[in-house]
Amino acid sequence: MKDPARDVSAPSGAGPYVAMTAIVFAAYVLCHGITALVLTPLQARLFPEVTVFASLAYLPHGVRVLSIWVWGWRAVPGLMLGAYFSELLFTPEAASNITEPVLFFSILVGALSALIGFEALRIAGLVDRAGRGRRVRWHRILLVGLVTSVLNSLGQSFVFSGQIAPVNWGPVMAVYAFGDLVGLCLVALALVLLRRVFQNR
């Protein structure tokens, strides 16, 4: 007999796992595209002095946090694939630098930061995985996003330490953290609105 409150983060069989990876991949690429093609150019016009290493509204961070919340470590491959292809599609210089170690480590840090941040808070009893019958507590998801953004900003600052002057580490980390959290809020809001639209049909 199946438990109605079974954790949804554990797909059984190859089919569901492939579908899950495809969903995470597609969501990441879509959000990265919106960030690169819409939000970043707007940011460049309004705030040209902001570092080129981060966005003030980085939507893929929302995909990272929410996919880890739902599927746990199983979402990591989809996140990494999404980040890799997003660099190829939306970063012109990435085509010639895609094999550079710094890019690989940046992608790895981005994918693992959400997992590490979520698992640390879960072990501390502050958050739960997504599951049937569980009420969504968005303030806790935002807490995961905040912790994750700090971990990501620290990791990315370390990865790009050879390209960022030490005097700029503070501002770069602040932009990373702010942009990641705003991106999470926007993606979460979009999911809530989509859910209401489909429920009202």
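Figure 1. Leu81, Tyr84, Phe85, Leu88 and Leu89 make a nonpolar surface patch of about 440 Å². For a patch of this kind, residues need over 30% relative accessible area and no salt bridge, and nonpolar side chains (Val, Leu, Ile, Met, Phe, Trp, Tyr) are joined within 5 Å, while like charges are joined within 9 Å. The areas come from the Shrake-Rupley method with a 1.4 Å probe, and for residues only the protein chains shown count as cover. Keep in mind that this is a predicted model: local features need pLDDT of at least 70, side-chain atom pairs count only at pLDDT 80 or more, and totals for chains, interfaces and linings use all residues. Residues are numbered from 1 along each chain as its sequence is written, and side-chain values use heavy atoms, with hydrogens and water left out. Tyr84 sits in helix H3 (residues 76–90); helices (H or I, at least four residues) and strands (E, at least two) are DSSP runs, numbered from the N terminus. Tyr84 is partly exposed at 34% relative accessible area, and Phe85 is partly exposed at 35%. Here, buried means under 20% relative accessible area, exposed means over 50%, and partly exposed is in between (1.4 Å probe, protein chains only).

**Figure 2. Aromatic pairs, with Trp69 and Trp138 in view.** The structure holds four aromatic pairs. Rings of Phe, Tyr and Trp (its six-membered ring) pair if their centres lie within 6.5 Å; planes under 30 degrees apart count as stacked, over 60 as edge-to-face, and the rest as tilted. One of the pairs is Trp69 with Trp138, which is tilted, at 6.2 Å centre to centre and 50° between the planes. Trp69 belongs to helix H2 (residues 60–71) and Trp138 to helix H6, so this pair ties together parts that are 69 residues apart in sequence. Trp69 counts as buried, at 12% relative accessibility. Then there is Tyr84 with Phe85: their ring centres are 5.6 Å apart and their planes lie at 80°, so that pair is edge-to-face. Ring pairs also bring in Phe25, linking Phe25, Tyr84 and Phe85 into a cluster.

**Figure 3. The surroundings of Trp138.** Helix H6 covers residues 138–159, and Trp138 lies in it. Trp138 counts as partly exposed, with 32% relative accessibility. Leaving aside residues up to four places away in sequence, Trp138 touches Leu66, Ala188 and Val192, where contact means heavy atoms within 4.5 Å. Cys185 is 47 residues from Trp138 along the chain, with 9.5 Å separating their C-alpha atoms.

**Figure 4. The largest nonpolar core.** This core has 29 residues, and Ile68 and Leu79 are those with the most contacts inside it. A nonpolar core is a set of buried Ala, Val, Leu, Ile, Met, Phe, Trp, Tyr and Cys residues joined through side-chain atoms within 4.5 Å. At least two residues come from each of helix H1 (14–46), H2, H3, helix H5 (101–123), H6 and helix H7 (169–199). H5 gives the most, with seven residues. Not counting residues up to four places away in sequence, Leu79 touches Val24, Tyr28, Val63, Arg64, Ser67, Ile68 and Ala111.

Figure 5. The structure holds two salt bridges, each a side-chain nitrogen of Lys or Arg within 4 Å of a carboxyl oxygen of Asp or Glu. Arg122 bridges to Glu119, with the closest N and O atoms 2.7 Å apart. These two are three residues apart in helix H5, or about one helical turn. Arg122 is partly exposed at 33%, whereas Glu119 counts as buried at 17% relative accessibility. Glu119 also meets Arg129 in a salt bridge (2.6 Å, N to O). Arg129 lies in the loop between H5 and H6, so the pair ties together parts that are ten residues apart in sequence. Both Glu119 and Arg129 are buried. Through shared partners, the salt bridges join Glu119, Arg122 and Arg129 into one network.
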